[in-house]
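Here's a quick briefing to read alongside the coordinates. Take a look at the model first, then come back for the notes.

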Amino acid sequence: MSLFKQRQPRGFHHNYIYVDSKKERMAELENRARQELGLSSSASDHHERLKGQFLNATKYAKRYSERRQSGRLMLNFGVIVVLLVVLVALWRMLLTL
């Protein structure tokens, strides 16, 4: 055992037993075609396109979403009002000094 050199753990490499080469070739062709057409194939684009679609699918989910938004607005409004009250109180304290 050496004081200056420590052994590194053996790395892990998994070879797949069942590989669908036809599926891989099709995915590669699709990606190449998307690049040639200028389309992006990133997951974030799909996420942005699907964002909000499931919430608008049912009236219950839509109502829940609207209530959450209105609750956030009321919270923001309450914070602004409290800050204004504190600023007015500080201003009056500074004027009396």
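This is a predicted model: local features need pLDDT of at least 70, side-chain atom pairs count only at pLDDT 80 or more; totals for chains, interfaces and linings use all residues.

Residues are numbered from 1 along each chain as its sequence is written, and side-chain values use heavy atoms, with hydrogens and water left out.

**Confidence**
- Mean pLDDT (the predictor's confidence in each residue, from 0 to 100) is 81 for the protein, with 89% of residues at 70 or more.
- Helix α1 (residues 21–37) comes out highest at a mean of 89, while helix α2 (residues 43–50) is lowest at 70; helices here are DSSP runs of H or I, at least four residues, numbered from the N terminus.

**The charged pair**
- There's 1 salt bridge in the structure, meaning a side-chain nitrogen of Lys or Arg within 4 Å of a carboxyl oxygen of Asp or Glu.
- Glu28 pairs with Arg32, and their closest N and O atoms are 3.2 Å apart.
- Both residues sit in helix α1, 4 residues apart, or about one turn of the helix.
- Glu28 is partly exposed at 48% relative accessibility, and Arg32 is partly exposed at 41% (buried is under 20%, exposed over 50%, partly exposed in between, with a 1.4 Å probe and protein chains only).

**The nonpolar patch**
- Ile80, Val82, Leu84, Val86, Leu87, Leu90 and Met93 make a nonpolar surface patch of about 670 Å²; patch residues have over 30% relative accessible area and no salt bridge, with nonpolar side chains joined within 5 Å and like charges within 9 Å.
- Leu87, in helix α3 (residues 59–96), counts as exposed at 54% relative accessibility.

Note on methods. Helices (H or I, at least four residues) and strands (E, at least two) are DSSP runs, numbered from the N terminus. Accessible areas come from the Shrake-Rupley method with a 1.4 Å probe; for residues, only the protein chains shown count as cover.
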